[in-house]
Amino acid sequence: MEALAKEKDCSIVGRWVRSICNHLYGAAASTPDGNGDVIRDKWLSVVNHMQNIHHGHGKHFPNCLHPDLGQDDQKRKWLKSGSKACEKLSQLLEQPRLLRDVQKLSPGYQTSKIEAYHSMANHFAPKMIGFSNLGMQSRLYLGSMDFNENGSRQQAFSKAGKPQVSVSYSKYKKRQSVIHLVKTARTYDYVDRLLSRTCQEVGNDQKNCCTQNLIPAPLTHTFKRLTKEDAIARHKTRFSR
Ligand SMILES: [Zn+2]
């Protein structure tokens, strides 16, 4: 869409990019049962909507859900049916490959949570550093405990009871403002629980402190080394065939 907006007579497309991206999320998020046909028809309704047509869309989503636009109508940059910008943008939005993907959109599951978890794991066990097996395991456990405690924090409220948000401007989003919800402060209760449990275990039985048995042998341990003669023989067979 960004590329199309740069073409001759198509600059109006740029005014629609953000709305269309939001509509893609909206189409999936407003369909809790994940019905692919409904999601697809909701998505396609934007082709009519951007031409100021709000009724008579697909079988599974015949009408827009927004209220009557009234006076607002005149302010919007509607696309003229049959214009170059409208034709090209419609083609883009109705691509069969895109529609197949849109049908499979999930209404609830987003990858952002798993990305947040991976980022937390990387914080506790940075990839650039090599850790022992036990070190890696312990760090991943700590990362998981932190994520379980802080991964679903709620939005914070100011003293006046207003929901807190922050605004940033990213180059990636063409310097458009991006709103971030400010979350409640992080907590570290798992550290106290972990410390008291450790003291308890150590007090109960000193043998529990021994970690040697928990560490598996290196993977290369199971690898049988060939003798030099066998290695040479194998090398020769490979080339003589
Ligand atoms: Zn509409």
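Lys88 is partly exposed, with a relative accessible area of 34%, where buried means under 20%, exposed over 50% and partly exposed in between (1.4 Å probe, protein chains only). The model is predicted: local features need pLDDT of at least 70, side-chain atom pairs count only at pLDDT 80 or more, and totals for chains, interfaces and linings use all residues. Residues are numbered from 1 along each chain as its sequence is written, and side-chain values use heavy atoms, with hydrogens and water left out.

**Salt bridges**

- Six salt bridges are counted, each being a side-chain nitrogen of Lys or Arg within 4 Å of a carboxyl oxygen of Asp or Glu.
- Lys88 pairs with Glu7, and their closest N and O atoms are 3.1 Å apart.
- Because Glu7 lies in the loop between helix H1 (2-5) and helix H2 (17-29) while Lys88 belongs to helix H5 (residues 84-93), this pair ties together parts that are 81 residues apart in sequence. Helices (H or I, at least four residues) and strands (E, at least two) are DSSP runs, numbered from the N terminus.
- Glu7 is partly exposed, at 33% relative accessible area.
- Asp146 and Arg186 form a salt bridge with an N to O distance of 2.4 Å.
- Asp146 lies in helix H8 (residues 133-150) and Arg186 in the loop between strand S4 (177-181) and helix H9 (189-204), so the pair ties together parts that are 40 residues apart in sequence.
- Asp146 is buried, with a relative accessible area of 2%, whereas Arg186 is partly exposed at 31%.
- Within helix H9, Glu201 and Arg197 lie four residues apart, about one turn of the helix, and they form a salt bridge with closest N and O atoms 3.3 Å apart.
- A network of salt bridges links Asp37, Arg40 and Asp41.

**Zinc site**

- His49 (ND1), His54 (ND1), Cys64 (SG) and His66 (NE2) coordinate the zinc ion at 2.0 to 2.3 Å. Donors are N, O and S atoms within 2.8 Å of the metal (3.2 Å for Na, K and Ca); water is not among the atoms, so sites may look incomplete.
- Along the chain, the donors of the zinc ion follow the spacing H-x4-H-x9-C-x1-H.
- His49 lies in helix H3 (residues 36-49) and His66 in the loop between strand S2 (61-63) and helix H4 (72-75), so this pair ties together parts that are 17 residues apart in sequence.
- The arrangement is tetrahedral because the four donor atoms subtend angles of 97 to 122°; four donors count as tetrahedral if all angles lie between 85 and 135 degrees.
- His49 is buried at 13% relative accessibility, while His66 is partly exposed at 30%.

Note on methods
Four donors count as tetrahedral if all angles lie between 85 and 135 degrees; four count as square planar and six as octahedral if opposite donors are over 155 degrees apart and all others between 65 and 115; anything else is irregular.
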